[in-house]
Amino acid sequence: MKKKYHLYLTADERRIILDSLIDKKNELIRTGHYTDAIDEIIIRVMKAKTKRVRVKEV
């Protein structure tokens, strides 16, 4: 059985993750490596549902 993990990200955190993945993909393309794994992760992050969560600060 696979474990599922849930990440709750702000819009800024999501943007940073996508920018980092795209930078890594460009680096792999420059060096001539495959980008299939990075492509799948980018698609998953972009298609992820958004959920509003109320956070209490103490």
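Where does Lys-56 lie? Lys-56 lies in the segment after α2. Helices here are DSSP runs (H or I, at least four residues; strands are E, at least two), numbered from the N terminus.

This is a predicted model, where local features need pLDDT of at least 70, side-chain atom pairs count only at pLDDT 80 or more, and totals for chains, interfaces and linings use all residues. Residues are numbered from 1 along each chain as its sequence is written, and side-chain values use heavy atoms, with hydrogens and water left out.

## The two flanking segments

Lys-56 counts as exposed, at 78% relative accessibility. The cut-offs are under 20% relative accessible area for buried, over 50% for exposed, and partly exposed in between (1.4 Å probe, protein chains only). From Lys-56 to Glu-13 the C-alpha to C-alpha distance is 19 Å, and the two are 43 residues apart in sequence.

Tyr-8 lies in the segment before α1. Tyr-8 is exposed too, because its relative accessibility is 55%. Which residues is Tyr-8 in contact with, leaving aside neighbours within four places in sequence? They are Glu-13, Lys-51 and Val-53. Contact means heavy atoms within 4.5 Å. Tyr-8 and Lys-25 are 17 residues apart in sequence, with 24 Å between their C-alpha atoms.

## How the helices pack

Two packed helices are described by the angle between their axes and the distance between the axes. The axes of α1 and α2 come within 10 Å and cross at roughly 160 degrees. That makes α1 roughly antiparallel to α2. Axes are lines fitted to C-alpha atoms, for helices over the stretch in contact, and angles run from 0 to 180 degrees between N-to-C directions. Angles over 145 degrees count as roughly antiparallel, under 35 as roughly parallel, 65 to 115 as roughly perpendicular, and the rest as oblique.

The crossing of α1 and α2 is left-handed. In a left-handed crossing the near helix is turned anticlockwise from the far one by less than a right angle; clockwise is right-handed.

Helix α1 brings Arg-14, Leu-18, Leu-21, Ile-22, Lys-24, Lys-25 and Leu-28 to the contact. Helix α2 brings Ile-38, Asp-39, Ile-41, Ile-42, Val-45, Met-46 and Lys-47. These residues divide into 9 nonpolar, no polar and 5 charged. For this count, Ala, Val, Leu, Ile, Met, Phe, Trp, Tyr, Cys and Pro are nonpolar, Asp, Glu, Lys and Arg are charged, and the others, Gly among them, are polar.

Ile-22 is found in helix α1. Ile-22 counts as partly exposed, at 39% relative accessibility. Ile-22 and Ile-42 are 20 residues apart in sequence, yet 7.9 Å apart in space, C-alpha to C-alpha.

## Salt bridges

Side chains of opposite charge can pair when their charged atoms come close. How many salt bridges does the structure hold? It holds 3. A salt bridge is a side-chain nitrogen of Lys or Arg within 4 Å of a carboxyl oxygen of Asp or Glu.

| Salt bridge | N to O distance |
|---|---|
| Arg-15 and Asp-19 | 3.5 Å |
| Lys-24 and Glu-27 | 3.7 Å |
| Lys-25 and Asp-39 | 2.9 Å |

The Lys-25 pair links distant parts of the chain: Lys-25 in helix α1, Asp-39 in helix α2 (residues 36-47), 14 residues apart. Lys-25 is partly exposed at 24% relative accessibility, and Asp-39 is partly exposed at 23%.

Arg-15 and Asp-19 both lie in helix α1 (residues 11-31), 4 residues apart, about one turn of the helix. Arg-15 is partly exposed, with a relative accessible area of 45%. Asp-19 is partly exposed at 36%.

Glu-27 and Lys-24 both lie in helix α1, 3 residues apart, about one turn of the helix. Glu-27 is partly exposed, with a relative accessible area of 38%; Lys-24 is partly exposed at 36%.

## The loop and one more site

Is Thr-35 buried or exposed? Thr-35 counts as buried, because its relative accessibility is 12%. Thr-35 is found in the loop between α1 and α2. Not counting residues up to four places away in sequence, Thr-35 touches Lys-25, Leu-28 and Ile-29.

Asn-26 is found in helix α1. Asn-26 is partly exposed, with a relative accessible area of 35%. Asn-26 and Leu-7 are 19 residues apart in sequence and 25 Å apart in space, C-alpha to C-alpha.
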